[in-house]
Amino acid sequence: MPRAPRLAAGSAAREAGACRQQSRIPLVFRPLLLERQEGSATHQLAAMDTDPPLQLRVFNLNCWAIRYLSKLRQERIGLIGDTLRQEGFDLALLQEVWSERDYCELKQKLTACYPYSHYFKSGVIGSGLCVFSRYPILDTFLYQYSLNGYPYMLQHGDWFCGKAVGLLVIKICGIIFHVYVTHLHAEYCRDKDAYLPHRVVQAWELAQFIQHTSKGADVVLLGGDLNMHPGDVGIRLLRGWTGLRDSFPDTERFEGCEDGCTLVPTNCFINKEELQPFPLGIRIDYILYKGLSHFAVKCDSLVTTTGTAPGKSIPYSDHEAVMATLCVKPREEAKGSSSAIEPELVDVVNEARTEVRVGLHTAERQRYSNGRMAILALLLLLLQAAMGLSSLVGWDSPQPFPKLSFSLLSLLATVVLLLSMVVYVFHTIEVKMLQGTEEQMRLALQALQDKLSSM
């Protein structure tokens, strides 16, 4: 695997010395919305002007580590750990580490290189998100998405996973990084994507979460499996709303799969029929970033794996890893918190709102169908109860069904009633969540249009 460029020995020594000096200063935990004092920031920038830019090496991978289901899971987890230990990245952002035992195995192997780590727990089988860091983690927070598929779609299973976004606050050489790691709902059919409204809602919640929790950061970094193509409405909404930059089009040097694809047909774990419309593969794994306040960020180099691991006969996962070298340096001029509104953002939010409304209408129809089925099952049970009562009181009414068939019919009606009620309740919750998101987007659109009209 090609290594991303490193700092020169003298620059690395100066950076390490600056980090050691910072580590001697007592750290006080602060809320996520950190308040920065202008005087100390100016003093810090003046000191940094004489130092070389900070280079941060970031590793991102969907590990596809599902116990009992993923092929060669234990071998691949060991291979991922060996690679992270040898390469010495600054941050490793991992998704689909569904087993906490696998996380503990990685943690034990990587403690010497990555003394700080965190595993985000949520859902029935977990969020699958974990982070390994060379630098101290000051704070963490997890936000679980309000919509994440359907519980009765057992063959997909996304609902049982606690799909979420994890936030870590990390201080590197005096610079506050807000690092986000996430995994969005999968796309199982491009032409008829029943989960598109849910994924748009997740993208909106992710954008809102980043926007509201990153105000005290110097640098914002997002890595994860977004399960969206670069031109999809969810990606355009996320980038337009947060101002995050995509490392692939912005990088100065790229090496890896063509077009930066992270799901490629040459991967032996990939179902090639699913990628037939995309002969080169698709790009759904991202490293996004932006600099805030007094700092600027650019991507010096970007590398993706290309199938099998070096010297091995298997790849790390069914996804290709993404490795970015980011350069962080002070801005020549401080950037204010307000930025110009892009007119295209209004169209993107409007398009996303349309997708949410389509999902809302579908959820309302499904809720109505399940409610009607529950009522029919209840009426059937009441009819059977009335017939059973008439036979007990001695009325001369012949039984239309044999006794065994009558019992089976009652059992079937009871099962249908219970299932219909559970699904009805689920779709009621889905309707409420979609209505809430649609209202948020309506208010956001109104605010955007007011700002554009006043410009």
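Mentor: A cavity is a set of grid points where a 1.4 Å probe fits but cannot get out. This is a predicted model, and by that rule it has two cavities of 30 Å³ or more.

Trainee: How do you know which residues line the largest cavity?

Mentor: A lining residue must have an atom within 4 Å of a cavity point. The residues that line the largest cavity include Asp-246, Phe-248, Arg-283, Tyr-286, Leu-302 and Val-322. The volume of this cavity is about 50 Å³.

Trainee: Which elements each supply at least two residues of that lining?

Mentor: They are helix H7 (247–250), E11 and E12. E11 gives the most, with three residues.

Trainee: Asp-300 lies in strand E12 (residues 295–304). Why is Asp-300 said to have no salt bridge?

Mentor: A salt bridge requires a side-chain nitrogen of Lys or Arg within 4 Å of a carboxyl oxygen of Asp or Glu. The nearest side chain of opposite charge to Asp-300 is Lys-298, at 4.1 Å. The cut-off is 4 Å, so this pair is not counted as a salt bridge.

Trainee: What surrounds Asp-300, leaving aside its neighbours within four places in sequence?

Mentor: Its contacts there are Gln-55, Thr-251, Glu-252, Arg-253, Thr-325 and Cys-327.

Trainee: Why is His-361 called partly exposed?

Mentor: Buried means under 20% relative accessible area and exposed means over 50%. His-361 has a value of 43%, which falls in between, and is therefore partly exposed. This residue is found in helix H8.

Trainee: What makes a group of residues a nonpolar core?

Mentor: The members must be buried residues of the listed nonpolar kinds, joined through side-chain atoms within 4.5 Å. The largest such core has 42 residues, and Leu-206 and Leu-226 have the most contacts inside it. Among the elements that give two or more residues to this core are helix H5 (196–213), strand E8 (219–225) and helix H8 (343–392). A second, separate core of 29 residues includes Val-131, Val-297, Leu-302 and Leu-326.

Trainee: Which residues does Leu-206 contact beyond its neighbours within four places in sequence?

Mentor: Among them are Tyr-145, Val-165, Leu-222, Leu-226 and Leu-238.

Trainee: What share of the protein counts as buried?

Mentor: Of its 455 residues, 49% count as buried.

Notes: Residues numbered from 1 in each chain as written. Predicted model: local features only at pLDDT ≥ 70, side-chain atom pairs only at ≥ 80, totals over all residues. Heavy atoms only, no water. Helix = DSSP H or I, 4+ residues; strand = E, 2+ residues; numbered from the N terminus. Buried < 20%, exposed > 50% of the residue type's maximum accessible area, 1.4 Å probe, protein only. Lys, Arg positive; Asp, Glu negative; His and termini not counted. Contact = heavy atoms within 4.5 Å. 1 Å grid on protein atoms, 1.4 Å probe; cavity = no way out; pocket = protein on both sides within 12 Å on 5 of 7 lines; lining within 4 Å. Points joined across faces, edges and corners; volume = space filled by probe spheres on them.
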